[in-house]
Amino acid sequence: STRRLLPVMSTPEEVPIIRISTKDEFLGQVYPTRKPCILRGVDLGSATRLWTPEYLCRGRKGAVKTHVCPVPQMDFLKKNFAYKTLPFDEFVRRASRDTNPEHFFCPEEKYYLRSLGDDPRKDVADFRLQFPSLAGDIVLPLFCEPEQLFSTVLRMGSAGVQLWTHYDVMDNLLVQVTGRKRVVLFSPRDALNLYLTGDKSEVLDIDSPDLALYPRFARATHYECLLEAGDVLFIPALWFHNVIALEFGVAVNIFWRHLAAQFYDSKDVYGNKDPPPAQRAVQIMDRALKALEELPEEYRDFYARCLVTRVEAKSYSKHIQ
């Protein structure tokens, strides 16, 4: 029998690095490109030096809700992790160690913190309010207008933690304060190749994907970079990103609204809900798919292809690269 050859993954593209230090330089040189870029030379204050695990343990009283996973690859779609509440200092101690005698699943389990608002049901995350004793150590690169700022999110994780590939609807800066991360990004134009469920890709292992199950993934162009402590990564809205912590580290995300207010869900406190017009389009499409189910298979296949053709003709951009 003839063996079917699987697709071959493409060689990753490098994310450019540019030395800048001011908002004007960012808005003039980087922002108009609408492509990821590492910013070096940005003044982040003393946090890059001070934020050791020992120092962080003194940085906040009270408890935090953290992701705990028995394996490094966290899968949001299959929920292979659990949410657990720990005192903040205990979380830092566990996350900064390779193994923990006290654990929920196993000694090698991994920890990941994404800070929340004071009331997660109605408040957006503001790192400066939730961690005031740490906020004085860092100079946040607020390269947007004050009225555009949406949230500032503190992130910490164990060495080895890998977060699922997803997109955000807002522009953001990933400020790597301590530790190193590997970040792999995909253009919004590759949405068809990433096997999406909502805003997340079903392809969990991006380095050794099951190309028999996800053959189109091989067509996606990877953009890859290594973030060092002090680096700032610009991630434009809708760019997919997969983040792997190479060591224990701390980062702060700065999200801002770059579109008009009507393009954001007013009840969205996490900043990850699709624009209301897109939500309505998805609901209409779901109803269209339900209607197609009434047809015999041959007709359902034919009219589904016709719909795809209409969407491509009417909505695909011929100008965006």
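Ground rules before we start. The model is predicted, so local features need pLDDT of at least 70 and side-chain atom pairs count only at pLDDT 80 or more, while totals for chains, interfaces and linings use all residues. Residues are numbered from 1 along each chain as its sequence is written, and side-chain values use heavy atoms, with hydrogens and water left out.

Overall shape. The C-alpha trace spans about 65 × 50 × 40 Å along its principal axes. Of the residues, 44% count as buried. Buried means under 20% relative accessible area, exposed over 50%, partly exposed in between, with a 1.4 Å probe and protein chains only.

Secondary structure next. There are 8 helices and 16 strands. These are DSSP runs numbered from the N terminus: helices are H or I with at least four residues, strands are E with at least two.

Now the sheet. How many strands form the open sheet? The count is 9, in the order β2-β3-β14-β9-β16-β7-β6-β4-β5, with mixed pairing. Pairing here requires at least two DSSP bridges between two strands. β2 (17-19) and β5 (82-87) stand at the edges with a single partner strand each, so one side of each has no neighbour in the sheet. On average, neighbouring strands are turned by 25 degrees against each other, direction ignored. Axes are lines fitted to C-alpha atoms, for helices over the stretch in contact, and angles run from 0 to 180 degrees between N-to-C directions.

Two helices pack on this sheet. Helix α1, residues 23-30, touches β2, β3, β9, β14 and β16, and its direction makes about 150 degrees with that of β3. Helix α4, residues 88-95, touches β4, β5, β6 and β7, at about 115 degrees to β5. Contact means heavy atoms within 4.5 Å.

Look at β14. It pairs in the antiparallel sense with β3 over 3 bridges, and with β9 in the antiparallel sense over 4 bridges. Ile38 has Leu233 as its bridge partner in β14. Val175 stands opposite Val232. In a regular strand, side chains alternate between the two faces of the sheet. Here Val232 and Phe234 point one way, Leu233 and Ile235 the other, and all are buried.

Last topic: charges. The structure holds 15 salt bridges. The criterion is a side-chain nitrogen of Lys or Arg within 4 Å of a carboxyl oxygen of Asp or Glu.

Take Arg40 and Asp231. Their closest N and O atoms are 2.7 Å apart. Arg40 is in strand β3, Asp231 is in the loop between β13 and β14, and they are 191 residues apart. Arg40 is partly exposed at 24% relative accessible area. Asp231 is buried at 3%.

Back to helix α4. Which residues does Glu90 bridge to? Arg93 is one, with closest N and O atoms 3.5 Å apart. Arg94 is another, at 2.8 Å. Glu90 and Arg94 are 4 residues apart in helix α4, about one helical turn. Both Glu90 and Arg94 are buried. Shared partners join Asp89, Glu90, Arg93, Arg94 and Glu102 into one salt-bridge network. Arg93 is partly exposed, at 33% relative accessibility.
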